[in-house]
Amino acid sequence: MCLFTDAYDFFCIPPIMKFNGRIYYGSHRDPNKLYQVPQAVTPAMIVSPFRDRYRSASFRPIRFLLGVGIGGDYPLSATIMSEFANKKTRGAFIAGVFSMHGFGILASSTVTMIVCSIFNRVCGGISETPHGADLAWRIILMIGAVPAGLTYYWRMMMPENAR
C-alpha cells in the first residue's frame, strides 16, 4: 500500500494545480495566463504544503510526516514481502508490490474524475469556477489518506517475522 499511496499522492497533484489555478488565479491581467498558476508559484506549491482557504493554517507537518512515512516504507514493503513469501511465490509477490504504483496512478485519476463529475453535477456547468472546487481538491487529497491510514494499522497489527 505504500507504493499505492506514493503514486496516488504524486499523480493527484497536477489536477489539483488546475483546480488552484481556477480558484486563485481567475483574475489575471494577461488573458493568455488566465486560470494558470504562475511559473514562479508552481514549484513552491508542489513541494510545500497547500494552505487552507484563508491562508492561515499550514499542512507542513502533515506533508513532512507523509514524506518520512513513504520514504521509510518504500524499501520496507519489498523486504516484508520477500520475508513472508515462500520460494515459489516470492517473485510474484515482489512484482505485486511494485505493480501497486500503477494502481495508485489509476486510482488517483479515477478519484479525480469521480469527484469532478460529482461537483460538476452539484454545482452545475463549467462556465465559471464553482465554489465547490475549493472543496473538491481537498477531498481528492483526503481520500489518499485512507490507504495510508490502513497501511499504518496493518503494519501495527502485523506479527513479527519468524526468521
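Buried here means under 20% relative accessible area, exposed means over 50%, and partly exposed is whatever falls in between (1.4 Å probe, protein chains only). At 30% relative accessibility, Cys 116 lands in the partly exposed class, whereas Cys 12, with a relative accessible area of 0%, is buried. With a disulfide taken as a pair of cysteine sulfur atoms within 2.5 Å, the count comes to zero.

The model is a predicted one, so to speak of local features pLDDT of at least 70 is needed, side-chain atom pairs count only at pLDDT 80 or more, and totals for chains, interfaces and linings use all residues. Residues are numbered from 1 along each chain as its sequence is written, and side-chain values use heavy atoms, with hydrogens and water left out.

Taking helices (H or I, at least four residues) and strands (E, at least two) as DSSP runs numbered from the N terminus, the protein chain has seven helices and zero strands. Buried residues account for 28% of its 163 residues. With contact meaning heavy atoms within 4.5 Å, 70% of the contacts with a separation of 6 or more join residues 24 or more positions apart.

A nonpolar core is a set of buried Ala, Val, Leu, Ile, Met, Phe, Trp, Tyr and Cys residues joined through side-chain atoms within 4.5 Å. The largest one holds 13 residues, and Tyr 8, Cys 12, Ile 16, Phe 19, Val 115, Ala 136 and Ile 140 touch the most other members. Two or more residues each come from α1 (2-11), α2 (13-24), α5 and α6 (133-143). Val 115 touches Ala 136, Ile 139, Ile 140 and Ile 143, leaving out residues up to four places away in sequence. On the α6 side, Ala 133, Asp 134, Ala 136, Trp 137, Arg 138 and Ile 140 are buried, and the buried residues of this helix pack against α1, α2 and α5.

Ser 108 sits in helix α5 (residues 90-123) and, at 0% relative accessibility, is buried. Beyond its neighbours within four places in sequence, Ser 108 is in contact with Tyr 8, Phe 11 and Cys 12. Its side chain reaches the backbone oxygen of Phe 11 at 3.3 Å.

As for the record, an unreviewed UniProt entry lists residues 91-115 and 135-154 under "transmembrane region"; such annotations may be inferred rather than shown by experiment. In the model, residues 91-115 are 100% helix, with end C-alpha atoms 36 Å apart. Residues 135-154 are 95% helix, and there the end C-alpha atoms lie 29 Å apart.

Note on methods
Polar contact = N/O pair within 3.5 Å; in protein donor to acceptor, adjacent residues only side chain to side chain.
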